[in-house]
Amino acid sequence: MHEWLRTLEETPDLQGAFPRLRESQVDALRAHGEHRHTRVGEVLYGEAVEGYDFYVVLSGKVAVVAGYGSQEQQLITVHGPGRFVGELGLLTGQASLATAVVAEEGEVLELSPADLRGVVERDPMLGDLVLRAYLLRRSLLIGIGVGFRIIGSSYSAGTHRLREFAARNRQPHRFVDLDKDPAAERLLSGLGVRPEETPIVILGGQELLRDPSNAELARRLGVPVASAPPGLLDLVVVGAGPTGLAAAVYAASEGMSVVALEAVATGGQAGTSSRIENYLGFPSGISGAELATRAAIQAQKFGARLSVPATATGLDEEDGHYAVRVEDGGSVCGRTVLIASGAQYRRLPVPRLADFEATSVYYAATQQEAQWCGDAPVAVVGGGNSAGQAALFLSHTASRVSLVVRERDLAENMSRYLVTEIERTANIEVSRHSEIRELRGDRVLRALLVEDSETGTCREVEARGLFVFIGVTPCTRWLGEKVACDADGFVLTGPDVVDPIPSSLLETSLPGVFAAGDVRSGSTKRVASGVGEGAMVVRLVYEHLAQGEGFAYGRR
């Protein structure tokens with residue numbers, strides 16, 4: 001029955017995703033784990049299992065298989081002696097995406113997730129090795145489409161919502177398109193689902209969710225979802241981009257009780273960046289998704305709570321503290337609040353945009369969007385760093401990238417290093433002093449009509465996907481008129497507030513309510529400055545809390 005397992009060879013480590021531990025690292029883990037014998041065919045953990053353990057292969061082999069035992073069974077990797085099993089979900093508390101099964105009799109070392117965290121906290125080098133490997137493995141799983149399945153029409157808004165949520169939260173999945181996959185309707189029929197009842201999600205090959213909300217899908221995937229913590233928190237952070245995550249890390253590390261609420265995915269707008277190359281300390285660059293994942297794990301390590309998805313809908317004053325209302329009707333209460341809800345990219349002001357937003361228009365350029373577009377020609381509109389990063393990233397997969405900018409010179413609003421890279425990339429075509437006037441296609445984008453603003457001439461540019469990065473608008477509608485904002489809706493702080501004048505630089509017109517990052521009027525729209533402001537807020541929050549009674553800085 002298990003003969004095929006015995007023939008498997010160890011997967012080579014070509015990218016650093018499957019490192020082999022040194023003997024000293026194995027010994028450090030051995031002191032906290034259980035040593036056990038294994039037999040061929042033994043399942044160490046199954047698919048869709050929550051709270052599964054960490055395994056180090058001491059001898060023999062362990063195979064990681066998606067859809068184990070089904071007709072769609074897919075071998076992912078094989079680990080030999082000195083290598084460890086698992087992926088990012090083990091650290092974040094999400095359910096397993098595949099089955100770990102013994103391929104060759106031997107021995108393993110088994111640690112609970114809590115024991116693993118304890119060891120890596122004492123050995124940062126080992127912790128970084130495991131985290132880096134798990135991040136790379138998550139990227140590999142996304143690339144091959146392992147995980148749950150979303151079945152629906154590519155023209156459906158519900159399908160687009162689920163795919164976007166999965167992509168932004170780096171959840172590996174496979175999309176089955178009712179409009180293109182001939183086997184899709186047969187699959188639905190076998191499940192007793194009518195096409196009009198889609199989209200559906202299939203988890204672990206068995207559990208079926210019919211048009212689930214983002215929150216319901218998050219719960220089933222093990223993503224931490226919104227819940228009202230008991231009691232009064234020291235700090236409620238609205239937004240889990242770089243600013244909100246930095247505040248959560250520093251506040252929790254100093255003993256404050258803190259929760260960060262995020263509407264879509266940790267990382268915010270920065271999390272959609274394919275590569276951040278000018279962030280201090282990362283000379284070779286880092287993706288926004290990896291930066292966000294590392295920060296989220298760090299925040300949870302210190303005891304901060306992250307709630308995703310949790311959309312803030314209002315801010316109220318109650319008995320000397322504040323209550324942040326969330327979309328499900330509940331609220332989270334805190335002595336102080338940080339508004340770090342960031343900004344979102346503006347929609348392109350062209351006719352028929354809504355016709356294509358469910359199929360061909362994107363406001364992020366990550367691995368998932370690149371996979372959706374494949375090698376088809378795409379277009380990027382915008383003259384800032386986000387647009388430049390997106391164009392370079394997409395040039396690795398798309399046959400051609402058309403970059404449409406209003407500026408005469410790319411360097412007007414784009415960093416020089418990006419301009420240089422774009423100019424030397426053969427398959428990026430730049431249309432300067434140009435604007436998109438028309439989107440062409442039937443439900444799926446086929447081409448753009450681009451006008452040269454200096455000559456007035458128009459030309460058709462072939463594109464199957466359009467990536468929009470044309471400036472931002474603040475995410476402040478949830479605040480109503482509770483705090484003072486500038487004419488563009490960005491939150492005023494410090495000396496920019498006329499009445500009453502705040503006591504600190506990042507405090508808003510409401511005492512104890514602070515604003516930082518992209519949402520703040522006059523802020524520098526850079527990841528590094530957002531992180532800096534998030535860290536700075538924690539000191540200001542402490543000073544505000546210290547004016548009251550019963551608060552001791554660093555009390556934990």
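**A close look at Glu462**

Mentor: Setting aside neighbours within four places in sequence, Glu462 is in contact with Pro377, Arg400, Arg446 and Ala447; contact here means heavy atoms within 4.5 Å. Before we go on, please keep in mind that this is a predicted model, where local features need pLDDT of at least 70 and side-chain atom pairs count only at pLDDT 80 or more, while totals for chains, interfaces and linings use all residues. Residues are numbered from 1 along each chain as its sequence is written, and side-chain values use heavy atoms, with hydrogens and water left out.

Glu462 itself sits in strand S24, residues 458–462. Helices (H or I, at least four residues) and strands (E, at least two) are DSSP runs, numbered from the N terminus. Glu462 counts as partly exposed because its relative accessibility is 37%; buried means under 20% relative accessible area, exposed over 50%, and partly exposed in between, using a 1.4 Å probe and protein chains only. The side chain of Glu462 also has a polar contact of 3.0 Å with that of Arg464. Such a contact is a pair of N or O atoms within 3.5 Å; within protein, one must be able to donate a hydrogen and the other to accept it, and residues adjacent in sequence count only if both atoms are side-chain atoms.

Now to two other residues. Arg443 is in the loop between S22 and strand S23 (444–452). Arg443 has a positive phi, near 75°, and is not a glycine. With a relative accessible area of 43%, Arg443 is partly exposed.

His433 belongs to the loop between strand S21 (428–431) and strand S22 (434–442). Its relative accessible area is 17%, so His433 is buried. Beyond residues up to four places away in sequence, His433 touches several others, including Arg406, Glu407, Asp452 and Glu454.

Stepping back, the chain has 15 helices and 27 strands, and 55% of its 556 residues count as buried. Of the chain's contacts with a separation of 6 or more, 69% are between residues 24 or more positions apart. The C-alpha atoms fill a box of roughly 75 × 65 × 50 Å along the principal axes.
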